[in-house]
Amino acid sequence: MKLKHSLFTRRQFLNGLFGGWIAALLGSFFYPVVKFIFPPTREPDQIILPFSDFKDMGSNSVRKFSWGTKPGLLKKNEDGSYIAFVGICTHLDCNVAYLPDERKFFCACHDGWYDEVGRNIGGPPPKPLRQLVLVIEEENLVIKREDVE
Ligand code: FES
């Protein structure tokens, strides 16, 4: 069976196709620009972790946890206290690692160094590691951003 007429002409079809292609092209250009100008905040105000997951840590050791989309580092000090950081280098956002033998945090990207309390001591990092507020409440570790009450 042959159709006698179409809903749109060949020119309308090609114009729609071309317009859609232009819209997709502009969208693929402007989407990353808008995301760069207005970055999404993926950092939580606070997280609650079971303290039992960290009780068995030896002193002078670090265990990772998820801080939103970034790694968090929980360090157990010699005196049994804990300290938490965002595990991202303050130079260009690479992940940092703890070297227990040296008692320092290290960023392999550009040879950046932080001491065991997160102060920048060598290489290009301009600021200390970002420290998080840590509260031990009964069976939980509550880890918060510094600006959250
Ligand atoms: S990103 Fe860590 S030293 Fe450059």
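A: Strand E2 (residues 61–67) and strand E3 (residues 70–76) run antiparallel and are joined by seven bridges. Here strands (E, at least two residues) are DSSP runs, numbered from the N terminus, and two strands pair if DSSP finds at least two bridges between them. The model is a predicted one, in which local features need pLDDT of at least 70, side-chain atom pairs count only at pLDDT 80 or more, and totals for chains, interfaces and linings use all residues. Residues are numbered from 1 along each chain as its sequence is written.

Within this pair, Arg-63 stands opposite Leu-74 in E3. E2 and E3 form a hairpin, with two residues between them. Gly-68, in the turn, has a positive phi of about 65°.

A further group of strands forms an open sheet of four, in the order E5-E6-E7-E8, with antiparallel pairing. Strand E5 (97–99) and strand E8 (120–122) stand at the edges with a single partner strand each, so one side of each is left without a neighbour in the sheet. From one strand to the next, the twist averages 40°; axes are lines fitted to C-alpha atoms, and angles run from 0 to 180 degrees between N-to-C directions. In this sheet, strand E6 (residues 104–107) pairs with strand E7 (residues 112–115) in the antiparallel sense over four bridges. Phe-106 stands opposite Trp-113 in E7.
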